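Please read it alongside the sequence and the coordinates.

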Amino acid sequence: EASHQSELPAGTPNLLRNTSGEEGLRHWSRFPNSTPFAVERSDVPVNAQASTNFVSSFRWCAMTQRVDLRDVDERARGAIEVSAKFMARTDCPSVFHLEGLLLDRDGRAILHEKSPVLDAPADCWETARLVLERRPGAVYAMIVIAGRDSRFWQGNYGSKVADCFIRVLMSTGDESNTGPSNDNDEAELPLLPTGHGMDHQRREVAGVDGTAPPVDPRNDQNRIGKEVLILLVLLVALVVGGGR
């Protein structure tokens with residue numbers, strides 16, 4: 001679940017790139033069929049170094065980035081911390097979701113942890129964090145961030161995300177998993193992207209069915225209703241014209 005920063009062992013610097021949108025969406029991969037995150041100037045900067053943040057929309061926005069654990073200092077052989085900060089606007093409630101995965105050399109998931117769907121706090125940053133116990137054969141670590149607004153407002157009024165982190169903690173000899181259990185099934189997302197050598201991963205992770213993110217059904221219903229009405233008008237016009 002989301003938690004504020006607490007005492008954790010020392011670890012490596014952040015292994016992620018472009019953690020708050022300072023380079024647009026570079027280094028991040030978007031899920032197929034999900035709405036892309038946008039980048040905006042921060043009204044409430046997450047720290048003194050950041051002036052931007054990612055922001056979601058009225059449909060699920062979801063993207064991922066992975067890092068190679070083989071590049072990490074030999075002394076850092078502890079658990080993997082995956083975290084991100086999130087918040088909402090004051091005029092539109094929104095939600096956020098975080099996932100962390102450990103992958104083998106072929107991109108198959110060895111460990112998969114995820115948060116519940118979290119209500120974002122208004123106008124203040126909160127930290128969601130997962131701590132993944134190191135597993136034999138883990139070569140890559142992956143972060144998944146996802147968000148949307150709760151009122152289906154057109155535009156980017158969903159949860160804001162910044163200061164995304166993956167770091168390897170220094171080994172203490174007693175690593176334990178303090179993140180949420182992967183038995184949590186609250187998230188309604190296609191948890192893994194296709195491509196990028198990740199297709200095996202989609203099949204390996206329990207509960208991943210490859211479906212698209214949830215969308216507002218009212219949008220499709222309105223569109224279909226308008227199309228039917230137009231067809232009826234055209235049909236009536238043809239009948240009347242033919243009678244003459």
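## Basis

The model is predicted: local features need pLDDT of at least 70, side-chain atom pairs count only at pLDDT 80 or more, and totals for chains, interfaces and linings use all residues. Residues are numbered from 1 along each chain as its sequence is written, and side-chain values use heavy atoms, with hydrogens and water left out.

## Salt bridges

Across the whole structure, a search finds eight salt bridges. A salt bridge is taken as a side-chain nitrogen of Lys or Arg within 4 Å of a carboxyl oxygen of Asp or Glu. Exposure is given by relative accessible area: buried is under 20%, exposed is over 50%, and partly exposed lies in between (1.4 Å probe, protein chains only).

One of the eight salt bridges pairs Glu81 with Arg167, with 2.3 Å between the closest N and O atoms. This pair links distant parts of the chain, 86 residues apart: Glu81 belongs to strand β5 (residues 80-87) and Arg167 to strand β11 (residues 160-168). Strands here are DSSP runs (E, at least two residues), as helices are (H or I, at least four), numbered from the N terminus. Both partners are buried, Glu81 at 2% relative accessibility and Arg167 at 14%.

Arg26 and Glu23 form another salt bridge, their closest N and O atoms being 3.2 Å apart. Arg26 is exposed, with a relative accessible area of 52%, while Glu23 is partly exposed at 35%.

A further salt bridge joins Arg108 to Asp104 (3.3 Å, N to O). Shared partners extend this into one network of Asp104, Asp106 and Arg108.

## Strand β6: burial

Strand β6 spans residues 94-103, and ten of its ten residues are buried, so the strand is largely enclosed by the rest of the structure. In a regular strand, side chains alternate between the two faces of the sheet. Both faces of β6 are covered. One side carries Ser94, Phe96, Leu98, Gly100 and Leu102, the other Val95, His97, Glu99, Leu101 and Leu103, and all are buried.

## Strand β6: pairing

Two strands count as paired if DSSP finds at least two bridges between them. Strand β6 runs antiparallel to strand β10 (residues 140-149), with ten bridges joining the two. In this pairing Val95 stands opposite Arg148 of β10.

Strand β8 (residues 118-119) is also antiparallel to β6 and is joined to it by two bridges. The bridge partner of Phe96 in β8 is Leu118.

Five bridges connect β6 with strand β7 (residues 109-114), again in an antiparallel arrangement. Here Leu102 stands opposite Leu111 of β7. β6 and β7 form a hairpin with five residues between them, and in the turn Gly107 has a positive phi of about 85°.

## Cysteines

A disulfide is a covalent bond between the sulfur atoms of two cysteines. With a disulfide defined as a pair of cysteine sulfur atoms within 2.5 Å, the search of the whole structure finds zero. Cys61 is buried at 0% relative accessibility, and Cys164 is buried with a relative accessible area of 0%.
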